[in-house]
Amino acid sequence: MAFSSPSRPDRDVLRGVLRHRAFRALTLGRSLTFFGNSMAPVVLAFAVLDLGGSAVDVGLVVGARSVSSVLLLLFGGLLADRLPRALVLQGAAASAALVQTGVGLAVLTDRAPIGALLVLSVVQGAAAAVSVPASAALLPRTVPPGELRPANALSRMGINTGMIAGTSLGGMLAAVAGPGWGMVLDGAAFLGAAAAYRLAGRVLARRGAVTSSASSASSAEVLLPATAAESAESAESAGRARPWQDMRQGWHEFASRAWVWVVVLQFFVVNAVSAGGIQVLGPAVADTTFGRTAWGFVLATQMAGALVGGLLVARSRSRHALRIGVAVVALDALPLVALAESADLALLLMAMFVNGIALEQFSVAWDLSLQENVPQDTLARVYSYDALGSTLALPLGEMAAGPLAERYGVRPTLLCGVGLVLLVTAGALGSSQVRGLTAGGPVPDEVAPERAAV
């Protein structure tokens with residue numbers, strides 16, 4: 001199956017990416033996975049309450065999912081680098097579907113103890129830990145290098161749509177039909193994801209030779225066949241008996257690139273500030289001003305901005321994607337300023353919409369930079385270190401925001417967060433590697449002699 005990258009008008013760039021069947025299947029699988037992962041905490045919480053559990057029980061069950069995900073992130077990256085990624089994704093989704101459906105049926109028949117919900121939460125966290133690095137690292141296999149930017153943009157649009165639908169539908173089903181039916185639907189979503197990942201793997205496996213296409217006589221794009229790449233990875237993995245050595249190799253790839261760890265440090269702080277400011281202090285401000293219903297629209301507006309941002313970045317041809325993406329992270333400060341200064345609903349809605357656009361510019365630039373500059377056989381491990389750094393910050397911000405607001409006040413705490421976001425963004429832009437990294441180059445494995453030969 002040959003890939004071609006003919007020059008096309010900007011309005012056709014997204015349609016062009018969608019012509020790749022493996023990419024469509026992977027994007028569908030990722031969207032369904034994030035749909036399920038977003039719905040799961042909502043229906044789990046209501047299921048615990050319906051069983052007579054307390055707020056402490058809810059925290060234990062929902063928190064177990066986060067702890068499981070954090071603890072297994074590095075293992076998930078290692079697994080995705082040692083085994084065919086489509087197979088890893090299929091297994092994770094199928095496991096989540098089986099457990100989710102089984103527990104959902106038990107809830108519907110009033111036979112599900114809280115312990116079963118705890119097990120389900122742990123399994124879902126484990127599946128998420130495997131899926132995040134594996135799916136992100138598999139994406140470069142599904143499109144030519146020159147189409148990575150719009151491919152990442154489209155894939156993230158699917159993820160954002162899945163997250164919006166999962167969160168909203170989870171609450172609706174829990175209220176109307178009960179959390180048991182929400183779990184069953186969640187299981188069906190994971191089963192659909194497993195089928196989509198299987199299709200992606202089969203399409204990639206049928207690609208038996210390196211194919212190339214040129215948009216002009218002076219440039220060519222080559223896509224490494226998944227079969228050759230996966231076989232090479234499997235052969236390398238077979239000779240490896242020391243997982244910790246593989247972890248150290250992934251850490252070396254992560255730490256040896258200043259632009260990688262500088263940006264991860266930036267987002268460690270930004271994510272902590274946003275989690276505390278938006279997820280903890282935001283609802284408190286809403287309760288005393290414009291109300292809870294309006295707060296739901298505020299959060300949805302951010303996701304709407306992310307969808308618009310995906311359309312914009314898919315058509316971008318900037319060579320300095322990472323520099324721009326890192327710079328616009330400063331706009332994370334806008335919602336915090338709006339909450340701190342006036343809590344005016346219209347101003348806050350506008351701030352969240354702009355923030356959603358900015359976040360998508362960064363997210364696509366970040367994925368593109370990693371996929372083009374990190375070797376494919378260690379890419380999932382680098383993604384897992386990145387995800388670990390970002391995930392660890394969330395509970396820190398959430399736990400610190402409340403006590404700080406009680407001691408110093410909500411407004412000073414939010415404005416302090418604004419200062420931190422601006423400070424770390426300026427610090428990240430101070431890195432010459434962050435400013436100088438360019439997009440649009442070849443994927444490393446596709447130009448490496450030992451990996452190009454079939």
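Helices are DSSP runs of at least four residues, numbered from the N terminus, and leucine 72 lies in one of them, helix α3, which spans residues 55-82. The model described here is predicted.

**Salt bridges**
- Aspartate 81 meets arginine 85 in a salt bridge, at 2.7 Å from N to O, and the side chain of arginine 381 also forms a salt bridge with aspartate 81, at 2.7 Å from N to O.
- Because arginine 381 lies in helix α15 (residues 379-408) and aspartate 81 in helix α3, this pair ties together parts that are 300 residues apart in sequence.
- Asp81, Arg85 and Arg381 are thus linked in a network of salt bridges; aspartate 81 counts as buried at 0% relative accessibility, and arginine 85 is likewise buried, with a relative accessible area of 0%.
- Arginine 19 forms a salt bridge with glutamate 147, with the closest N and O atoms 3.2 Å apart.
- Arginine 19 is partly exposed at 33% relative accessibility, whereas glutamate 147 is buried at 4%.

**Surface patch**
- Val67, Leu71, Leu72 and Phe75 form a nonpolar patch on the surface, with about 380 Å² of accessible area together, and leucine 72 itself is partly exposed, at a relative accessible area of 31%.

**Helix packing**
- The axes of helix α4 (residues 85-108) and helix α7 (residues 179-205) come within 7 Å and cross at roughly 160°, which makes α4 roughly antiparallel to α7.
- The crossing of α4 and α7 is left-handed.

**A buried glycine**
- Glycine 277, in helix α10 (residues 258-288), counts as buried at 6% relative accessibility.

Terms used
Residues numbered from 1 in each chain as written. Predicted model: local features only at pLDDT ≥ 70, side-chain atom pairs only at ≥ 80, totals over all residues. Heavy atoms only, no water. Patch = residues over 30% accessible without salt bridge, like charges linked within 9 Å, V, L, I, M, F, W, Y side chains within 5 Å. Areas by Shrake-Rupley, 256 points an atom, 1.4 Å probe, with all protein chains shown as cover. Salt bridge = Lys/Arg side-chain N within 4 Å of Asp/Glu carboxyl O. Helix = DSSP H or I, 4+ residues; strand = E, 2+ residues; numbered from the N terminus. Buried < 20%, exposed > 50% of the residue type's maximum accessible area, 1.4 Å probe, protein only. Axes fitted to C-alpha atoms, helices over the stretch in contact; angles between N-to-C directions. Parallel < 35°, antiparallel > 145°, perpendicular 65-115°, else oblique. Left-handed = near helix turned anticlockwise from the far one by under 90°.
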